[in-house]
Structures are given as C-alpha cells and as structure tokens.
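Below is what I looked up, in the order I went through it.

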Amino acid sequence: MKPRELAMLGLVLAIPVAAYFTVFVPQNESIAKAKDEISHKRALMEDLQRETARNEDLAAANAEIERRVAEIEARLPSDKEVDAIVRQVTDLAVEAGLEPPSITSRKPIRAAMYMEQPLEMETAGDFPGLYSFLQRLERLPRITRMLELDVSQQKPGERGIDIKFTLSIFFQDEAAATVAGGGA
C-alpha cells in the first residue's frame, strides 16, 4: 500500500472515530440527561396526581361530614322548642301506660356548640309500660340522652315500679348561635 492510500485509509477511519467522540458521546449524554429529567418529572406528576386524588377524597369526605352535621343539627330543637319536647316525653309516658311524670328542670349545660337541658323525672307504672316508654323515647327524632335510671319496686302489696331518671335534651342556643354567626 502506498503512503497516500494509507493516509486516505487513516483519514477514512479517523472520521467515524472523531464523529463518535465529538457528536455521539455528547448527544448520548444529552439524551441520558433528558431521560433522567423526564423520569423525575413523571415521578413529580405521579405524586401530584396522588395528592390531587387525595384532595378530591378529602373534599368528598368534608362534604359528607358537613351533610351529617346538618342532619344532626336538624334534630336539635331551638331553646324555644324544648318545652314542646318535654310535652312529647310526657305524652309518651302516658301513652305507654305510665303515670304522668313529675319533672324538675336543672340548669342547662353547655355541651360543645350546643346546650344540654337535664330534666329529673319521676313516674310510676309497670315494667311493660317502662319498656314501651323507652322504645318510644328512642324513636323520637330529637337527640336525647337518659342518665341515672333508677327502677325500684313499689311498697309491698302494690303491683308496679317507681321510676326515676334524668333525661337530657340537646338543643341549639339561638342567642349564642346568633352571636357566633355574626348576628345573622
């Protein structure tokens, strides 16, 4: 081979080697960086999608909680309606076959954002009447709680039981709600 042919062969072989180091290596590094950036952005996007889905779940949960709170508040009478609830409880006792209860009202108690009106009640009757009264009381649409139930047999020779209990009626204090709501 002649030196000129050898030089030409060297030049032909040097062009691809030089192209490899000057074009392809930098291009491959650029492609690798772009792939890393794409995978990083995909990971960020997946995190964002998870958070967005979580936010939507939280929004749905908040809406459900608001709906349930509204349902419970709808069951709370205003302070003006407590007397009507007391009359309902008295009527339930009489309908169940118990004597009309004597009622002593205690001081209302603040319970979170609501008020609780404890009522000490005494009545008499028989056990089936008490059971019927408790079932009817449980079906009231208003929120009540029975505390300190005391059932004792009447004097010897009498058929029946004496019943003492404290019934708490939960209600909304309209004056406090107006102040808390900004006078609306």
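Predicted model: local features only at pLDDT ≥ 70, side-chain atom pairs only at ≥ 80, totals over all residues.

**Surface and overall layout**

Next I looked up how much is tucked away. Of the 184 residues in the chain, 23% are buried. I then went through the elements and found four helices and five strands. Reading from the N terminus, their order is α-α-β-β-β-α-β-β-α. I also checked contacts with a separation of 6 or more, and 63% of them join residues 24 or more positions apart.

**The core**

Which residues have the most contacts inside the largest nonpolar core? I found V89 and F133, in a core of 21 residues. At least two residues of this core come from each of helix 2 (82–95), strand 3 (114–125), helix 3 (127–138) and strand 5 (161–171). A general point I jotted down: in soluble globular proteins, nonpolar side chains tend to be buried together.

I followed F133 a bit further. Setting aside neighbours within four places in sequence, I have F133 in contact with V89, L92, A93, A96, L98, M146 and F165.

T123 sits in strand 3. Is T123 buried or exposed? Its relative accessible area is 9%, which is under the 20% cut-off, so I wrote it down as buried. A polar atom of the T123 side chain lies 2.5 Å from the backbone oxygen of E99. Beyond residues up to four places away in sequence, T123 touches L98, E99, P100, P101, I161, D162 and I163.

That list took me to I163, which is in strand 5. I163 is buried too, with a relative accessible area of 1%. I looked up its contacts, again leaving out residues up to four places away in sequence: L98, M121, E122, T123, L130, L149 and D150. For M121 I also noted the spacing: I163 and M121 are 42 residues apart in sequence, yet 8.1 Å apart in space from C-alpha to C-alpha.

**E148**

Last entry. E148 is in strand 4 (residues 144–153). Its phi is near 50°, a positive value in a residue other than glycine.

Definitions and conventions
Residues numbered from 1 in each chain as written. Heavy atoms only, no water. Core = buried A, V, L, I, M, F, W, Y, C linked by side-chain atoms within 4.5 Å. Buried < 20%, exposed > 50% of the residue type's maximum accessible area, 1.4 Å probe, protein only. Contact = heavy atoms within 4.5 Å. Polar contact = N/O pair within 3.5 Å; in protein donor to acceptor, adjacent residues only side chain to side chain.
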